[in-house]
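Here's a protein model to look over together. Let's start with the overall layout and then zoom in on a few side chains.

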Amino acid sequence: MVCIRPATVEDLLQMQRCNLLCLPENYQLKYYFYHILSWPQLLQVAEDYDGKIVGYVLAKMEEDATICHGHITSLAVARTHRKLGIATRLMNATHKAMTEVFGSEYVSLHVRVTNRVAFHLYSETLKYEIHDTDVKYYANGEDAYELRKYFRKDAKRAGK
């Protein structure tokens, strides 16, 4: 059984470890600290019965935007725990905090154009839509889709 809960400072090393094992985009520990100190309500972890962090979502609010919105910085689930709905549960918890705590109109994220599994999660399961394509977004020169999920229908018109 896996529990989805808000992240704490004590979880940051395990979150970073999960990131290093799961994703090609890695962050220094200070970046995790910046997120948890700035937007503690938005960071969620998936903890297994042994207390091990097997997934996380790292998110923030875009502070200089004209329309209040959030951004998913990173989402990872350990290979041993994939296909169990954990990513969906993590994302839904963060979406809820974005709307209830910050009044977010929408949330954005970037995903590699070639990452079909992640794209399916975002577009089919979580109902994100392609907003734009960012050419050579990633360090290796790969393009990214900028995806958005609008929390209110009228926010979509304002956000275009």
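## The overall picture

The chain has five helices and seven strands (both are DSSP runs, H or I of at least four residues for helices and E of at least two for strands, numbered from the N terminus). Going along the sequence, their pattern is β-α-α-β-β-β-α-β-α-β-β-α. Keep in mind that this is a predicted model: local features need pLDDT of at least 70, side-chain atom pairs count only at pLDDT 80 or more, and totals for chains, interfaces and linings use all residues. Residues are numbered from 1 along each chain as its sequence is written, and side-chain values use heavy atoms, leaving out hydrogens and water.

Of the 160 residues, 46% count as buried (under 20% relative accessible area; exposed is over 50% and partly exposed is in between, using a 1.4 Å probe and protein chains only).

## A tucked-away aspartate

Asp11 sits in the loop between β1 (2–6) and α1 (12–22). Is Asp11 buried or exposed? Asp11 counts as buried because its relative accessibility is 5%. Its side chain reaches the backbone nitrogen of Thr8 at 2.8 Å. Leaving aside residues up to four places away in sequence, Asp11 touches Arg5, Pro6, Val45 and Ile53 (a contact means heavy atoms within 4.5 Å).

## Rings that meet

Across the whole structure, a search finds nine aromatic pairs. Rings of Phe, Tyr and Trp (its six-membered ring) pair if their centres lie within 6.5 Å; planes under 30 degrees apart are stacked, over 60 edge-to-face, and the rest tilted. Tyr31 and Tyr34 both belong to helix α2 (residues 29–38), three residues apart, which is about one turn of the helix. Here are two of the pairs:

| Pair | Centres apart | Plane angle | Type |
|---|---|---|---|
| Tyr31 and Tyr34 | 6.4 Å | 25° | stacked |
| Tyr34 and Trp39 | 5.2 Å | 85° | edge-to-face |

Tyr31 is partly exposed at 27% relative accessibility, and Tyr34 is partly exposed too, at 40%. Trp39, at 4%, is buried.

Elsewhere, Arg112 lies over the face of Tyr138, at 4.1 Å from the ring centre (a charge sits over a ring if NZ of Lys or CZ of Arg is within 6 Å of the ring centre and within 35 degrees of the ring normal).

Notes
Polar contact = N/O pair within 3.5 Å; in protein donor to acceptor, adjacent residues only side chain to side chain.
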